[in-house]
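Subject: Structure handover

Hello,

Here is the structure I promised to pass on. Please open it next to this email and follow along.

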Amino acid sequence: GRLVIVGSDAENPPCISGSCHSLFQVQGRATLELRGVHLRHDASPCPDTPTDLRSVGAAVFVLNRASVTLVRCTILSKHGMGLWAVQRGQLEARHCALGPIGRSGVALFGKARARLSDCQLLKCQVHGACARGDSLLELCRCKIDGCIRRGAYVYQRATMLLVYCVVVGTFDPTRAAVEAAGCREDDAVTVHLEHTSVRDNCG
């Protein structure tokens, strides 16, 4: 139930690539640890349903009660998510660079939890980071830069913490760079910003 992959060459990290739904799908109570690895997720939408981007998954997809730790990794996804956790999946990323990403850099659904520290989320085509359901997303000393729709987005009953972060360079003039949406019955969104800069965005 535990897999560890460590790249020994910091200058030329080993690359794991593929056009499958997700490079890693971690489920049950399994544990995955990636250190010093480059992930390149090249999956494309199915020809029959080109607008259904769920068909392309993520570089790392975590579900059930599984957990994933990434340290000093770089992550690219052509059309999918960078890091995606659902149900009660858990993610931790430290000193990682995500981007360009075809959808969102990190996305949480259900009761998933994620903590990113000293990471960069760059050129995400939808959101840099998003959380929905009853999930918890913590970003500490992270930079979200050049995302198309929003830098950070939280809705339903999710909680998002941005501490010593920078959100800069979003492109959509109709969206807020950091947005919390909880307008439906039973919604209870929480956003906490501390020592965080939100600047030079189009929205």
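K143 is partly exposed, because its relative accessible area is 34%. What does K143 form with D145? The two form a salt bridge, and their closest N and O atoms are 3.8 Å apart. D145 is also partly exposed, at a relative accessible area of 25%.

Before you go further, keep in mind that this is a predicted model. Every value here is computed from it.

**Salt bridges**

How many salt bridges does a search of the whole structure find? It finds 11. The one between K143 and D145 is among them. Here are two others.

- R94 and E92 form a salt bridge, with 2.9 Å between the closest N and O atoms. R94 is partly exposed, with a relative accessible area of 24%. E92 is partly exposed too, and its value is 31%.
- E33 and R35 form a salt bridge, with 2.4 Å between the closest N and O atoms. E33 counts as buried, because its relative accessibility is 16% and the limit for buried is under 20%. R35 has 25%, so it counts as partly exposed.

Together with R2, they are linked in a network of salt bridges.

**Aromatic rings**

Now look at the rings. The count comes to three aromatic pairs. Take F61 and W84. Their ring centres are 4.5 Å apart and their planes meet at 25 degrees, so this pair is stacked. The pair links distant parts of the chain. F61 sits in strand β6, residues 58–62, and W84 sits in strand β9, residues 81–85. The two residues are 23 residues apart.

Are these two residues buried or exposed? F61 counts as buried, because its relative accessibility is 10%. W84 counts as buried as well, at 11%.

W84 has another partner. W84 and F109 form an edge-to-face pair, 5.9 Å from centre to centre, with 80 degrees between the planes. This pair links distant parts of the chain too. W84 is in strand β9, while F109 is in the loop between β12 (106–108) and β13 (113–117). They are 25 residues apart. F109 is buried, as is W84.

**Charges over rings**

F109 has one more contact to find. Which residue lies over the face of F109? It is R132, at 3.8 Å from the ring centre. Then go to Y153. The charged end of R150 sits over the ring of Y153, 3.8 Å from the ring centre.

**Cysteines**

How many disulfides does the structure hold? The number is zero. A disulfide is a covalent bond between the sulfur atoms of two cysteines. Two cysteines show why none turns up here.

- Start with C119. The closest cysteine sulfur is in C96, 4.7 Å away, which is too far for a bond. The cut-off is 2.5 Å. C119 counts as buried, because its relative accessibility is 1%.
- Then take C147. The closest cysteine sulfur is in C124, 4.0 Å away, and that is also too far for a bond. C147 counts as buried, at 1% relative accessibility.

**A nonpolar patch**

V191, L193 and V198 make a nonpolar surface patch of about 210 Å². V191 lies in strand β22, residues 190–194. V191 counts as partly exposed, because its relative accessibility is 31%.

**One more buried residue**

Last, find L98. It lies in strand β11, residues 97–101. L98 counts as buried, because its relative accessibility is 0%. The C-alpha atoms of L98 and G82 are separated by 6.7 Å. Along the chain, these two are 16 residues apart.

**Where to start**

From F109, step to R132 over its face. After that, trace the network of R2, E33 and R35. Finish at the patch made by V191, L193 and V198.

Best wishes

Conventions. Residues numbered from 1 in each chain as written. Predicted model: local features only at pLDDT ≥ 70, side-chain atom pairs only at ≥ 80, totals over all residues. Heavy atoms only, no water. Buried < 20%, exposed > 50% of the residue type's maximum accessible area, 1.4 Å probe, protein only. Patch = residues over 30% accessible without salt bridge, like charges linked within 9 Å, V, L, I, M, F, W, Y side chains within 5 Å. Areas by Shrake-Rupley, 256 points an atom, 1.4 Å probe, with all protein chains shown as cover. Salt bridge = Lys/Arg side-chain N within 4 Å of Asp/Glu carboxyl O. Helix = DSSP H or I, 4+ residues; strand = E, 2+ residues; numbered from the N terminus. Phe/Tyr/Trp six-rings, centres within 6.5 Å; stacked < 30°, edge-to-face > 60°. Lys NZ or Arg CZ within 6 Å of the ring centre and 35° of its normal.
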